[in-house]
Amino acid sequence: MEAEAAKFIGAGIATLALAGIGIGLGNIFGSYLSGALRNPSAAPKQFTNLLIGFALTEATGLFALVIAFLILFSN
């Protein structure tokens, strides 16, 4: 296998994490919405936890994307 083909395969595998990030974000917001509809008075208290979970999940996705770019554009 040529090195260029291996770089493309490696970058593709690194971006598979982005599918998991999408599922994770949907799970986070869906759970928050479900909880907020069941108990609206507790929703403001959980909003900060929602934002922290969103930020950590999104950061993982950005790290995966950076790794994919590093694989593609390194020598």
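Biologist: What do the buried residues of α1 pack against?

Modeller: They pack against α2 and α3 (43-73), where contact means heavy atoms within 4.5 Å. This is a predicted model: local features need pLDDT of at least 70, side-chain atom pairs count only at pLDDT 80 or more, and totals for chains, interfaces and linings use all residues. Residues are numbered from 1 along each chain as its sequence is written, and side-chain values use heavy atoms, with hydrogens and water left out.

Biologist: Which residues of α1 are buried?

Modeller: Lys7, Ala11 and Ala14. Buried means under 20% relative accessible area, exposed over 50%, partly exposed in between (1.4 Å probe, protein chains only). Seen down the axis of α1, these buried residues fall within an arc of 60 degrees, so they line one face of the helix. The arc is that of the directions from the helix axis to the C-beta atoms.

Biologist: What makes α1 a helix of the expected span?

Modeller: Helices (H or I, at least four residues) and strands (E, at least two) are DSSP runs, numbered from the N terminus. Helix α1 covers residues 3-14, twelve residues. The expected span is 1.5 Å times one less than the number of residues. For α1 that gives 16 Å, and its first and last C-alpha atoms are 16 Å apart.

Biologist: Why is alanine 11 called buried?

Modeller: Its relative accessible area is 6%. The limit is under 20%, so alanine 11 is buried. Not counting residues up to four places away in sequence, alanine 11 touches Ala68, Ile71 and Leu72. Alanine 11 and isoleucine 71 are 60 residues apart in sequence, yet 5.9 Å apart in space, C-alpha to C-alpha.

Biologist: How do you know how α1 and α3 are oriented to each other?

Modeller: Their axes come within 8 Å and cross at roughly 180 degrees. Axes are lines fitted to C-alpha atoms, for helices over the stretch in contact, and angles run from 0 to 180 degrees between N-to-C directions. Under 35 degrees counts as roughly parallel, over 145 as roughly antiparallel, 65 to 115 as roughly perpendicular and the rest as oblique. Therefore α1 and α3 are roughly antiparallel. Lys7, Phe8, Gly10, Ala11 and Ala14 in α1 meet Ala64, Ile67, Ala68, Ile71 and Leu72 in α3.

Biologist: At what angle do the axes of α2 and α3 cross?

Modeller: Roughly 175 degrees, and the axes come within 9 Å. That makes α2 roughly antiparallel to α3. The contact includes Ile21, Leu25, Ile28 and Ala36 of α2 and Leu50, Gly53, Thr57 and Gly61 of α3.

Biologist: How do you know that the buried residues of α2 share a side?

Modeller: The buried residues of α2 are Ile21, Leu25 and Ala36. They cover an arc of only 35 degrees around the axis, which puts them on the same side of α2. On the other side, Ile23, Asn27, Leu37 and Arg38 are exposed. The buried residues of α2 pack against α3. As for length, α2 has 22 residues and reaches 32 Å, close to the 32 Å expected.

Biologist: What makes the span of α3 agree with expectation?

Modeller: At 1.5 Å a residue, its 31 residues should span 45 Å, and the end C-alpha atoms are 44 Å apart. What covers the buried residues of α3 includes α1 and α2. Among those buried residues are Ala43, Leu50, Gly53 and Thr57.

Biologist: Why does threonine 57 count as buried?

Modeller: Threonine 57 is at 17% relative accessibility, so it counts as buried. Leaving aside neighbours within four places in sequence, threonine 57 is in contact with Ile21, Leu25 and Ile28.

Biologist: Is glycine 35 buried, partly exposed or exposed?

Modeller: At 35% relative accessibility, glycine 35 counts as partly exposed. Glycine 35 is found in helix α2 (residues 17-38).

Biologist: Why is the pair of phenylalanine 69 and phenylalanine 73 called tilted?

Modeller: The ring centres are 6.1 Å apart and the planes are at 35 degrees, so the pair is tilted. Rings of Phe, Tyr and Trp (its six-membered ring) pair if their centres lie within 6.5 Å; planes under 30 degrees apart count as stacked, over 60 as edge-to-face and the rest as tilted. Both residues lie in helix α3, four residues apart, about one turn of the helix. Phenylalanine 69 is partly exposed at 44%, while phenylalanine 73 is exposed at 65%.
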